[in-house]
Amino acid sequence: MTSTRTAGDGSDDGVPPLHPEQLQTYFALLEAVSLLQHHVEQQLRTEGGISYVQFQLLANLARSETPLTMTQLADGVVYSRSGLTYQAGLLEKAGLITRSSAPGDERATLVALTDAGAALFRRILPGHIEVSRLLLFNPLSDDDVRHLGDIMTRVRDHMRALPPRSAAPRKRRPRSTPDTPAQAD
C-alpha cells in the first residue's frame, strides 16, 4: 500500500491536516514574502550596502524619538539575539549607530542612530518604497490593501501575543558531572 501523505497532512501524529485552501494560502504567503524580501534585499545592498536586517534596525531607530535598548530592537525584528548583536556591531563600525550603557542599568545597551545612519536611511528609503509599491501594492486595489492590512495585522498581533523572543529563556548546555559528561554540540 502506498502513502498518500502530503505536506500539511499531519494524519500520522493525530494533528488534523490543513485544508487544501489553507495549504495553498500558506505556501502562497511564504513564496510572496520570500520574493519580496529577495528584491528588497537586492535594493538595499545596491543602494545602501546594508542587509534587510540592518535596514530594519535603522528603520526602528529612525522612527523612535529616543535611543532603544537591544532588547527593544530584538523584540521589534525577527532575528536571534547573537545575530542582532553582530549586525549592530557592523552598523556601529560603519558609523551608522552608537551603542552605550543605559544609565542606571549597566546590563542594558542603548542604541542610537547617528547623523550618518539617518542620512543613509533617508537616501535608501525611496528605493525601498518603490520596490514595495511595484511588487506588493501595484497588483492590489485600495480595497485589497485595506483587507490585506486588516488580515495581516490580526495575524501579526496573534503571533506577537506570545511572549517576546527576548523573554524566552536561553538554552543552556548541560553541565558535566563526574557521572555524566557534557553533550557535544
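**View A. Helix 1 in the lining of the largest pocket.** Helix 1 (20-48) contributes eleven residues to the lining of the largest pocket, the most of any element. The model is predicted: local features need pLDDT of at least 70, side-chain atom pairs count only at pLDDT 80 or more, and totals for chains, interfaces and linings use all residues. Residues are numbered from 1 along each chain as its sequence is written, and side-chain values use heavy atoms, leaving out hydrogens and water.

**View B. Centre and make-up of the largest pocket.** The largest pocket holds about 2000 Å³ of space. Its lining has 43 residues, and Val33, Tyr52, Gln56, Met152 and Arg156 are the closest to the centre. By type, the lining residues are 27 nonpolar, ten polar and six charged. A pocket is an open set of points on a 1 Å grid where a 1.4 Å probe fits, with protein on both sides within 12 Å along at least five of seven lines; lining residues have an atom within 4 Å of a point.

View C. The open sheet has the strand order 1-3-2 and antiparallel pairing. Strand 1 (68-69) and strand 2 (97-102) are its edges. Six bridges join strand 2 to strand 3, where pairing requires at least two DSSP bridges. Arg99 has Val111 of strand 3 as its bridge partner.

View D. Thr114 sits in the loop between strand 3 (105-113) and helix 5 (115-137). Thr114 is buried, at 17% relative accessible area, because buried means under 20% (1.4 Å probe, protein chains only). A polar atom of the Thr114 side chain is 2.6 Å from the backbone oxygen of Gly95.

Terms used:
Helices (H or I, at least four residues) and strands (E, at least two) are DSSP runs, numbered from the N terminus. Buried means under 20% relative accessible area, exposed over 50%, partly exposed in between (1.4 Å probe, protein chains only). A polar contact is a pair of N or O atoms within 3.5 Å; within protein, one must be able to donate a hydrogen and the other to accept it, and residues adjacent in sequence count only if both atoms are side-chain atoms. Grid points are joined across faces, edges and corners, and a volume is the space filled by probe spheres set on the points. Ala, Val, Leu, Ile, Met, Phe, Trp, Tyr, Cys and Pro count as nonpolar, Asp, Glu, Lys and Arg as charged, and the others, Gly among them, as polar.
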